[in-house]
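Let's take a walk through this one together, helix by helix.

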Amino acid sequence: MNVRGSIAVVALVLLVAALTTVPWLVSDYGLGFMINLMCYLVLTIAWALFSGSTRYVSLATAAFFGIGAYTVAMLVKELPIYACFAIALAVGTVMAALVGLVTLRISGMFFVVFGFGLSELMREVLIWWEINQ
């Protein structure tokens, strides 16, 4: 690893260490703000990683993020938080892989429409699940 890579790794470790102290340093409002900020940061990075390399506009990122968030919300009272995160990661990854196997053959405007439809389908399925549970 070169010097630049080492500096980047050290900077990332220091940033993560600084972010772990945020809950003790800010008010409840500040903590809620930071959580929302991190959620939007994760969504932005996920969208940029896919769309930047493929040049496709993906509107399905919200569906994968949403299924992970819903998984955490449903399991957080039953399991430790890190176990919930691991399960949510696995559920989101499996869903993204299954959808990706089918969708990456679609191109252009049809890919965008499919992504939007998938997000709406996931929203409707989760609403139906909550009503009928």
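At what angle do the axes of H4 and H6 cross, and within what distance do they come? Keep in mind that this is a predicted model. The crossing angle is roughly 20°, and the two axes come within 8 Å. Angles under 35 degrees count as roughly parallel, so H4 and H6 are roughly parallel to each other. On the H4 side, the contact is built from Ala-62, Ala-63, Phe-64, Ile-67, Tyr-70 and Met-74. H6 answers with Leu-118, Ser-119, Met-122, Leu-126, Trp-129 and Glu-130. Sort the residues of this contact by type and you get ten nonpolar, one polar and one charged.

Helix H4 spans residues 61–75 and helix H5 spans residues 81–103. Their axes sit 8 Å apart, and the packing angle is about 150°. That angle makes H4 roughly antiparallel to H5. The crossing of H4 past H5 is right-handed. From H4, the contact takes in Ala-63, Phe-64, Ile-67, Gly-68, Thr-71, Val-72 and Leu-75. By type, the residues of the contact of H4 with H5 come out as 14 nonpolar, three polar and no charged.

Next stop, the largest pocket. It holds about 1,200 Å³ of space. There are 38 residues lining the largest pocket, and Val-42, Leu-43, Ala-46, Phe-65 and Leu-89 are the closest to its centre. Which elements give two or more residues to that lining? They are helix H1 (3–20), helix H3 (28–54), H4, H5 and helix H6 (109–132). H5 gives the most, with eleven residues.

Note on methods. Residues are numbered from 1 along each chain as its sequence is written. This is a predicted model: local features need pLDDT of at least 70, side-chain atom pairs count only at pLDDT 80 or more; totals for chains, interfaces and linings use all residues. Side-chain values use heavy atoms; hydrogens and water are left out. Axes are lines fitted to C-alpha atoms, for helices over the stretch in contact, and angles run from 0 to 180 degrees between N-to-C directions. Helices (H or I, at least four residues) and strands (E, at least two) are DSSP runs, numbered from the N terminus. Angles under 35 degrees count as roughly parallel, over 145 as roughly antiparallel, 65 to 115 as roughly perpendicular and the rest as oblique. A crossing is left-handed if the near helix is turned anticlockwise from the far one by less than a right angle, and right-handed if clockwise. Contact means heavy atoms within 4.5 Å. Ala, Val, Leu, Ile, Met, Phe, Trp, Tyr, Cys and Pro count as nonpolar, Asp, Glu, Lys and Arg as charged, and the others, Gly among them, as polar. On a 1 Å grid over the protein atoms alone, a cavity is a set of points where a 1.4 Å probe fits but cannot get out, and a pocket is an open set with protein on both sides within 12 Å along at least five of seven lines; lining residues have an atom within 4 Å of a point. Grid points are joined across faces, edges and corners, and a volume is the space filled by probe spheres set on the points.
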